[in-house]
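Please keep the sequence and the structure in view while reading.

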Amino acid sequence: MANAKSMKIIRRELKFLGAALAAGLFFTAALGLSARAYSEQAQKDIAENVIRFHVLANSDSAEDQALKIKIRDAILDKFGPGLQESASVGETRDYIRGSLGEISALANGVARENGFGYPVTARLSVDFFPTKSYGDLTLPAGDYEALRVEIGGARGHNWWCIMFPPLCYVDVTKNNGAQIPDAGRAELKKALTPGEYELLTSSGGDVPVKIKFKIVEWWQNLLHRNDKPTEIASSK
């Protein structure tokens, strides 16, 4: 009788443990799906209101990195005034598409003037970016539309900024990268919802926002590890 009673207790405990394990797995799966859904929606909402500018150097040599900066400056000097007048992502996209040939010609001209023979291409594409900071603004990892300028083999360290809202024209470097000036913040606030703006600008401060940011960052890195750029328009 004692053995039968013990076995009954064991079976009851195993049944309880099995139910608890199933409930735990269900809760974990539900939490994971919820985190994924939040990550994808948050990053997508931000990306829909942003166009980035991405310049990739031929290599990490001092000469190639210097050329990258010269090409960047030439593009921003010539096309900056027109881009600053854009009132939306759509206007910026159309302006870039219509200017790709000129952007490519200008960039190639700068390369030739400085004694470099490799080609420079310009295209508007959707590309995966890791988490990046620009001043005190941090964009979570994920797919973003960008004007992508590739110099030669495009294997060197890159330079990036935000073309819309027009933060490329705010000189963060003069402020030691510490904080985006008020003019840039105002443009960003106009393009994003309050929640999106808070996520980008408070990721290192408020703990709940930081946790949300890390969820987005983790999921986007996991989901897009092997992604390649999707070309929208090219100068070629």
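## The chain as a whole

In this predicted model, 42% of the 236 residues of the chain count as buried.

The secondary structure consists of six helices and seven strands, and, read from the N terminus, the elements follow the order α-β-α-α-β-β-β-β-β-α-α-α-β. Among the contacts in the chain with a separation of 6 or more, 74% are made by residues 24 or more positions apart.

## Strand S5 and its partners

Strand S5, which spans residues 142-151, is mostly covered, with nine of its 10 residues buried. It pairs with strand S1 (residues 51-56) in the parallel sense over six bridges, and within this pairing Val-149 of S5 is the bridge partner of Val-55.

Strand S2 (residues 120-129) also pairs with S5, but here the two strands run antiparallel and are joined by 10 bridges. Ser-125 stands opposite Ala-146 of S5.

## The nonpolar core

The largest nonpolar core has 49 residues, and those with the most contacts inside it are Phe-53, Leu-67, Ile-71, Ile-96, Leu-147, Val-149 and Met-163. Leaving aside residues up to four places away in sequence, Val-149 touches a set of residues that includes Phe-53, Val-55, Ile-71, Ile-103 and Val-120.

The side chain of Glu-145 makes a polar contact, at 2.8 Å, with the side chain of Arg-93.

## Helix H3

Helix H3 covers residues 89-113 and has a kink of about 55° centred on Ser-99. Ser-99 is itself among the buried residues of this helix, which also include Thr-92, Ile-96, Leu-100, Ile-103, Ala-107 and Val-110. In an α-helix there are 3.6 residues a turn, so residues three or four places apart point the same way.

Just after H3, Gly-115 takes a positive phi of about 85°.

Technical notes:
Residues are numbered from 1 along each chain as its sequence is written. This is a predicted model: local features need pLDDT of at least 70, side-chain atom pairs count only at pLDDT 80 or more; totals for chains, interfaces and linings use all residues. Side-chain values use heavy atoms; hydrogens and water are left out. Buried means under 20% relative accessible area, exposed over 50%, partly exposed in between (1.4 Å probe, protein chains only). Helices (H or I, at least four residues) and strands (E, at least two) are DSSP runs, numbered from the N terminus. Two strands pair if DSSP finds at least two bridges between them. Contact means heavy atoms within 4.5 Å. A nonpolar core is a set of buried Ala, Val, Leu, Ile, Met, Phe, Trp, Tyr and Cys residues joined through side-chain atoms within 4.5 Å. The bend at a residue is the angle between axes fitted to the seven residues ending there and the seven starting there. A polar contact is a pair of N or O atoms within 3.5 Å; within protein, one must be able to donate a hydrogen and the other to accept it, and residues adjacent in sequence count only if both atoms are side-chain atoms.
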